[in-house]
Amino acid sequence: MRVGIDIGGTKTEAVLLADDGSIAQKLRLPTGWGPAAVLESTVEAVTGLVSAAGIRFEHLSTVGVGIPGAVDSRAGRVTHALNLGVEHLDLGAELSHRFATPVRVENDVNAAALGAFHLLDLPADSSMGYLNLGTGLAAGLVLGGSLWRGSRGAAGEIGHILVDPLGPLDLDGQPGGLEVMASGSGIARQWATGEDNAVSAVLDAADAGDARALEIRRRLFEGVATSVRILVLTVDVELVVIGGGISHLGDRVLGGVTAILDTWAASSPFIDSLGLPERLRRLPEGSPVAALGAAYLGAPRG
């Protein structure tokens, strides 16, 4: 049996996978703030799953963790997870010491990509890009059934690709990056009204004809469409799976994105040949995809 944990900014979601890949137990609890509290809430999640299932720790083959921030997956080390109050945490070593079980730690978007790959039951030799549209914008790549992290772990960090030199400034100080155009935090900074759900507020205002909202909505749709185009043109993935909080808005966003992809295809035979709209998939609602993917970290292929 395998444990998978998704550590979010406010909640930690955990699953226990049976040997046949089915979810035997699920658990959700608040995430702690700061390295010690994050570690303890993760320990509590593992302990809670084991207790609920009535098994012993030695029954676990692996524990996998998806967490925001910069992750050294080989060392199990997390740095710069700012929304967790974590500057440095040797999470893998700490958990291995607690449970005497192999532990794998991965960036949360990469974990979600692996979870989406398994959730959709894709062939082991296929390729998929997971585009996370949440507080930030980033992608995870699964090529031939395995995560592709790149030479230094930066593969999929497409939110930092600049597409509009005259666009709004992102937090990294550069103008017109995909993240500022098509993420929750980027849209909140552009809209700047302090509303809890800036993306929905912008879409509502755009529907009502507000000129500023129409421009922000245009950037959102074009940013997502450009992200899909980049993933296909650089890696030629067979599918681009859309997840994250913005994806929950469904056709209010994806309808506009598809319309842009169709417009590009109509003006370019080459782009048309790529079949971009046909490669899009939306992640099923309510799927514990990052926790599921974390459970598959280190699992044998095939």
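Asn 132 belongs to strand E9, which covers residues 127–133, where helices (H or I, at least four residues) and strands (E, at least two) are DSSP runs numbered from the N terminus. The model is a predicted one, in which local features need pLDDT of at least 70 and side-chain atom pairs count only at pLDDT 80 or more, while totals for chains, interfaces and linings use all residues. Residues are numbered from 1 along each chain as its sequence is written, and side-chain values use heavy atoms, with hydrogens and water left out.

With a relative accessible area of 19%, Asn 132 is buried (buried means under 20% relative accessible area, exposed over 50%, partly exposed in between, with a 1.4 Å probe and protein chains only). Its side chain makes a polar contact with the side chain of Tyr 130, at 3.3 Å; a polar contact is a pair of N or O atoms within 3.5 Å, of which, within protein, one must be able to donate a hydrogen and the other to accept it, and residues adjacent in sequence count only if both atoms are side-chain atoms. Leaving aside residues up to four places away in sequence, Asn 132 touches Val 109, Leu 137, Ala 138, Gly 243 and Gly 244, contact meaning heavy atoms within 4.5 Å.

## The sheet

An open sheet of 5 strands, with mixed pairing, runs in the order E11-E10-E9-E12-E13; two strands pair if DSSP finds at least two bridges between them. Strand E11 (146–147) and strand E13 (280–282) are at the edges with a single partner strand each, so one side of each has no neighbour in the sheet. Strand E12 (residues 239–243) pairs with E13 in the parallel sense over 3 bridges, and Arg 282 in E13 is the bridge partner of Ile 242.

## Helix H3

Helix H3 (residues 108–119) lies across E9, E10 (137–143), E11 and E12, and runs at about 50° to E10, with axes being lines fitted to C-alpha atoms, for helices over the stretch in contact, and angles running from 0 to 180 degrees between N-to-C directions. Of the 12 residues of H3, 9 are buried, so the helix is largely enclosed by the rest of the structure; among them are Val 109, Asn 110, Leu 114 and Phe 117.

At the start of H3, a side-chain oxygen of Asn 107 comes to within 2.9 Å of the backbone nitrogen of Val 109. After H3 comes Asp 121, which has a positive phi, near 55°.

Conventions
Expected span 1.5 Å × (residues − 1).
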